[in-house]
Amino acid sequence: MNKLLIVVDMQNDFIDGALGTPEAQNIVPAVAKRIREAVQDGDALLFTRDTHGADYLETQEGKHLPVEHCIKGTHGWQLADAVQEAFPLWQNCVINKPTFGSMALAEMLKGRSFDCIELIGLCTDICVISNAMMVKAALPEVPVSVRADCCAGVTPRSHSNALEAMKKCQIEIV
């Protein structure tokens, strides 16, 4: 079976850094385990990494979320150690994205053939939902799923709301 696992923004700043939460910290072991399972099963993997420059606070996003995070080259920008250890070759399949959803990801997937695509990561209510919707738009006939236990939102409530919204758009919640 031709499966793809997309690991969204499992970066230090979203886990225990500038925008970290206890919920994000709690999913790290489950995410690392899921990555190891995908590797063992021979699934394809892609990683996204929120990437901002020193001018972040002057950007549209920075004006609405005035918390510097995921500044390229910083510790907060790096993927969590547990994620890197679960798949040491992650550098070969990472997409740096300047905002919530990745146009590069959608374009890369367009026209490709997968039996199914699964997304996990952070934050459910911002980047996971944005990328899941872009993936679904790029490949409308491919089943897309999100693993709820491998995602965390800004708050538990916003996590639940995002999962419900994705269900309405025919994204399976596992």
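**View 1. V7 sits across from I120 of β4.** This is a predicted model, where local features need pLDDT of at least 70, side-chain atom pairs count only at pLDDT 80 or more, and totals for chains, interfaces and linings use all residues. Residues are numbered from 1 along each chain as its sequence is written, and side-chain values use heavy atoms, leaving out hydrogens and water. Strands β1 (residues 3-8) and β4 (residues 116-122) run parallel, joined by six bridges. Strands here are DSSP E runs of at least two residues, helices H or I runs of at least four, numbered from the N terminus; a pair needs at least two DSSP bridges.

**View 2. The open sheet has six strands, ordered β3-β2-β1-β4-β5-β6, with parallel pairing.** Its edges are β3 (94-97) and β6 (172-173), each with a single partner strand, so one side of each has no neighbour in the sheet.

**View 3. R34 pairs with E118 in a salt bridge, closest N and O atoms 2.7 Å apart.** That joins helix α2 to strand β4 across 84 residues. A salt bridge means a Lys or Arg side-chain nitrogen within 4 Å of an Asp or Glu carboxyl oxygen. R34 is buried at 8% relative accessible area, and E118 is buried at 13%. For the cut-offs, buried is under 20%, exposed over 50% and partly exposed in between (1.4 Å probe, protein chains only). R34 also meets E37 in a salt bridge (3.7 Å, N to O), and E37 is partly exposed at 29%.

**View 4. D50 and K97 form a salt bridge, with 3.7 Å between the closest N and O atoms.** D50 belongs to β2 (residues 44-50) and K97 to β3, 47 residues apart. Both D50 and K97 are buried.
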